[in-house]
Amino acid sequence: MESLGIIAGNGAYPFELAQRARAAGVRRIVVAAFENETRPELASQVDEITWIRVGQLGKMIGIFEKSGVQDVIMAGQIAPKNLFDLRPDFKALLLLGRLKERNAESLFGGIADELAKSGVTLLSATTFLEDSLAPEGHIAGPKLKKRTIDDLEYGFRIAKEVSRLDIGQTVVVRNGTVLAVEAFEGTNDAIQRGGKMGNGSAVMVKVSKPDQDFRFDVPVIGLQTLETAQAAGVIAIGVESGKTLLLERAQLLADAAARKITLFGL
């Protein structure tokens with residue numbers, strides 16, 4: 001691949017994607033970055049970067065049309081508070097007007113369709129990162145007791161059902177009781193809420209949705225997740241194997257061991 005476009009949200013994800021793409025031989029990286037979301041230092045890692053507001057769909061598509069980029073990857077999230085402050089341009093207004101439901105799947109699916117109309121293909125968000133997908137079983141951190149594994153497996157079943165209802169993809173559990181379910185506030189806030197009631201013995205589980213579109217919505221565990229989990233008293237993190245990205249994998253596994261938090265693939 002000669003050129004790659006990145007729609008860059010917050011966190012480390014866009015950085016790792018850019019590094020992996022370079023290693024795979026991509027010579028030119030063009031980025032659409034969001035004000036107050038994307039880390040400014042990403043500019044030094046790519047060839048072209050244009051800053052836009054959340055909601056400027058027409059400008060975003062124009063970035064890739066003008067640069068001649070045909071393959072684009074979404075990497076990183078947008079904070080829920082900024083989605084509430086959405087100021088859509090004309091193209092985004094037209095898209096929103098066509099949607100019967102305004103959830104992440106319908107919105108980003110609509111964006112993918114708009115990109116396609118301009119000759120731009122939205123690739124899977126795991127492209128170039130396939131070797132960072134979580135394996136099954138113990139990944140890092142202390143070995144677990146059966147009671148804790150039972151909690152993880154129970155949390156997995158609950159999280160799968162909650163994600164099927166399109167509420168959220170993360171739950172926090174202790175001793176067979178659900179302490180918190182993620183909704184619009186995001187994973188880290190759900191961990192904090194559940195951890196407060198877990199008295200240092202809670203576990204969290206993050207899963208994919210049924211029929212999840214991995215072009216724009218891949219579950220991710222990163223260093224920030226571990227930091228939040230430790231502060232909340234979470235002792236184990238269960239992830240769906242083969243469908244969850246472990247960002248900055250080597251550092252993540254070392255950090256999990258240092259913080260005595262177990263990563264476990266379900």
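**View 1. Thr170 in strand β7 of the predicted model.** In this predicted model, T170 lies in strand β7, which spans residues 170-174. T170 is buried, its relative accessible area being 1%. Leaving aside residues up to four places away in sequence, T170 is in contact with A180, V181, E182 and T187, and also with M204, V205 and K206.

View 2. Strand β7 belongs to an open sheet of six strands, whose order is β6-β13-β11-β9-β7-β8 and whose pairing is mixed. The edges of this sheet are formed by β6 (137-140) and β8 (177-181), each of which pairs on one side only, and the twist from one strand to the next averages 25°. Helix α6 (residues 146-164) lies across β7, β8, β9, β11 (234-239) and β13, and runs at about 40° to β9.

**View 3. The packing of helices α8 and α9.** Two packed helices are described by the angle between their axes and by the distance between the axes. For helix α8 (residues 223-232) and α9, the axes come within 10 Å and cross at roughly 10°. Since angles under 35 degrees count as roughly parallel, α8 and α9 are therefore roughly parallel to each other. The contact is made by L223, L226, E227 and Q230 in α8, which meet Q251, L252, D255, A256 and R259 in α9.

**View 4. The five-stranded open sheet, with β2 and its partners.** A further open sheet has five strands in the order β3-β2-β1-β4-β5, with parallel pairing. Its edges are taken by β3 and β5 (121-122), each with a single partner strand, so one side of each is left without a neighbour in the sheet. Helix α2 (residues 57-67) packs on this sheet and touches β1, β2, β3 and β4, its direction making about 165° with that of β2. Strand β1 (residues 3-8) runs parallel to β2, and six bridges join the two; here I6 stands opposite V31 in β2. On β3 (residues 48-52), β2 pairs in the parallel sense over five bridges, with V30 standing opposite E48 and V31 having I49 as its bridge partner. Six of the seven residues of strand β2 (residues 28-34) are buried, so β2 is largely enclosed by the rest of the structure.

**View 5. Helix α1 within a β-α-β unit.** Together, β1, helix α1 (residues 13-23) and β2 make a right-handed β-α-β unit. The buried residues of α1 are Y13, P14, F15, E16, L17, A18 and A21, and they pack against β1, β2, β4, β10 and β12 (245-246). After α1 comes G25, which has a positive phi near 105°.

**View 6. The largest nonpolar core and the surroundings of Ile29.** The largest nonpolar core holds 23 residues, of which L4, I6, Y13, I29, V31 and F128 touch the most other members. At least two residues of this core are supplied by each of β1, α1, β2 and β4 (71-75), and α1 gives the most, with five residues. When residues up to four places away in sequence are not counted, I29 touches L4, I6, A18, A21 and R22, as well as V46, D47 and E48.

**View 7. Two exposed loop residues with positive phi.** D211 is found in the loop between β9 (202-206) and β10 (220-221), where its phi is near 55°, a positive value in a residue other than glycine. D211 is exposed, with a relative accessible area of 75%. K260 has its place in the loop between α9 (249-259) and β13 (262-265), and although K260 is not a glycine, its phi is positive, at about 60°. K260 is also exposed, with a relative accessible area of 61%.

Technical notes. Residues numbered from 1 in each chain as written. Predicted model: local features only at pLDDT ≥ 70, side-chain atom pairs only at ≥ 80, totals over all residues. Heavy atoms only, no water. Buried < 20%, exposed > 50% of the residue type's maximum accessible area, 1.4 Å probe, protein only. Helix = DSSP H or I, 4+ residues; strand = E, 2+ residues; numbered from the N terminus. Pairing = 2+ DSSP bridges. Right-handed = clockwise from strand over helix to strand, strands pointing away. Contact = heavy atoms within 4.5 Å. Core = buried A, V, L, I, M, F, W, Y, C linked by side-chain atoms within 4.5 Å. Axes fitted to C-alpha atoms, helices over the stretch in contact; angles between N-to-C directions. Parallel < 35°, antiparallel > 145°, perpendicular 65-115°, else oblique.
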